[in-house]
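Visitor: Please pick one part of this structure and look at it closely, contacts first. Then carry on to the other parts.

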Amino acid sequence: MNINDSFEKFISRMKEQEKVVNYVQVKKHGEVILDWGRLDRKSRLNTWSVSKSFISVAVGIAMEEGLITLDEKICDSFKEYLPENPSENLLNLEVRHLLTMTSGVENALFFDNDQERYITQDWISYFFTRNFPFKPGERFLYCNFNTYMLACLIEKKSGMDIIKYLKPRLFTPLEIFSPDWTRCPGNHIHAANGLYLTIDEFSNFGEMLLNNGAFKGNRVVSKEYLDMACVNQLPQEWDVKYGFQFWPNPDGKSFRADGKYGQYIIVLPDRDMTVCVQSLSDGEIFSEVWNWIENM
């Protein structure tokens, strides 16, 4: 089916379901083949949990620079925040467990619009004083604090917040100038969400991922890291599939960055294509987006 015809059917379905799609951009072989917007100009919108995939790339960059390793213990860098008698589970928490959402923390903890967020001043201290009843790597629990702590770790190791760290390493190379990212009360970047980007900036990140970590001929992050980050890192027998802050797609060959309300950077290596979507839809729309992609 012609891409424009299939897209019109997709947009019609979204309107019938009262789902709000703001922008869509598709690139194939490095060229924009569809660029659609509901609004009259390309505005920066909250990427929600797509932010997590940017932190994953930050981890890859920091690993290459020797700042952190996958198997280093998080507690070693935050000793001043540890409770009097930290559990063995907490002490054994590694970078890889934060990346794969297998930290062992009991609950998902506050974030976004949870009331506890509005009264908690020190988020790092809050994290280390939670209960960790499970061994790291033992179970999957999607928790925004895992991503937040990764950003705080890079900040601590590099001596600069994650925006300053990523500006010359990721944002500027991807032509994302003067990035906007919300902060916690302690002035640390939210990391798990709150990064605001245009659809073009979305698309540049997707193109870099499609090109194994390079954008317009410039290396941003290593292919070796992305080869780990963008595939399932959880035991095969588990119901959920998850990489290093990336989600494998249903075809088992492609992957995506995925955010609340329908934010997607979908990377399709077999088709040399990326599909980027920015929405404001209550409820899941990925199945509809994936159905459209399969019928392009």
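Guide: Ser 77 touches Glu 72, Leu 153, Lys 156 and Lys 157, with residues up to four places away in sequence left out; a contact means heavy atoms within 4.5 Å. This is a predicted model, in which local features need pLDDT of at least 70 and side-chain atom pairs count only at pLDDT 80 or more, while totals for chains, interfaces and linings use all residues. Residues are numbered from 1 along each chain as its sequence is written, and side-chain values use heavy atoms, with hydrogens and water left out.

Ser 77 lies in the loop between helix H2 (50–64) and helix H3 (88–91). Helices (H or I, at least four residues) and strands (E, at least two) are DSSP runs, numbered from the N terminus. With a relative accessible area of 13%, Ser 77 is buried; buried means under 20%, exposed over 50%, and partly exposed in between (1.4 Å probe, protein chains only).

The structure holds one cavity of 30 Å³ or more, where a cavity is a set of points on a 1 Å grid over the protein atoms alone at which a 1.4 Å probe fits but cannot get out, and lining residues have an atom within 4 Å of a point. The largest cavity holds about 30 Å³ of space; grid points are joined across faces, edges and corners, and the volume is the space filled by probe spheres set on them. H2 and strand S9 (255–259) are the elements that give two or more residues to its lining. Among the lining residues are Ser 49, Lys 52, Ser 53, Ala 257 and Asp 258. By class, the lining has four nonpolar, three polar and two charged residues; Ala, Val, Leu, Ile, Met, Phe, Trp, Tyr, Cys and Pro count as nonpolar, Asp, Glu, Lys and Arg as charged, and the others, Gly among them, as polar.

Next, the strands. Seven of the eight residues of strand S1 (residues 21–28) are buried, so S1 is largely enclosed by the rest of the structure. S1 runs antiparallel to strand S11 (residues 273–279), joined by seven bridges, and Val 21 stands opposite Ser 279. Six bridges join S1 to strand S2 (residues 31–37), again antiparallel; two strands pair if DSSP finds at least two bridges between them. Tyr 23 has Gly 37 as its bridge partner in S2. The hairpin of S1 and S2 has two residues between the strands, and His 29 there takes a positive phi near 55 degrees.

A separate open sheet has three strands in the order S3-S5-S4, with antiparallel pairing. S3 (45–46) and S4 (180–181) are at the edges with a single partner strand each, so one side of each has no neighbour in the sheet. S4 pairs with S5 (residues 195–197) over two bridges, and Trp 181 stands opposite Leu 195.

There are zero disulfides, a disulfide being a pair of cysteine sulfur atoms within 2.5 Å. For Cys 143, the nearest cysteine sulfur is that of Cys 152, 13 Å away. Cys 184 is in no disulfide either, with the sulfur of Cys 152 nearest at 6.4 Å. Cys 143 is buried at 0% relative accessibility, and Cys 184 is buried at 6%.

Finally, Ile 293 in helix H10 (residues 286–294) is buried at 1% relative accessibility. Ile 293 touches Ile 266, Leu 268, Arg 271 and Val 275, residues up to four places away in sequence again not counted.

Note on methods:
1 Å grid on protein atoms, 1.4 Å probe; cavity = no way out; pocket = protein on both sides within 12 Å on 5 of 7 lines; lining within 4 Å.
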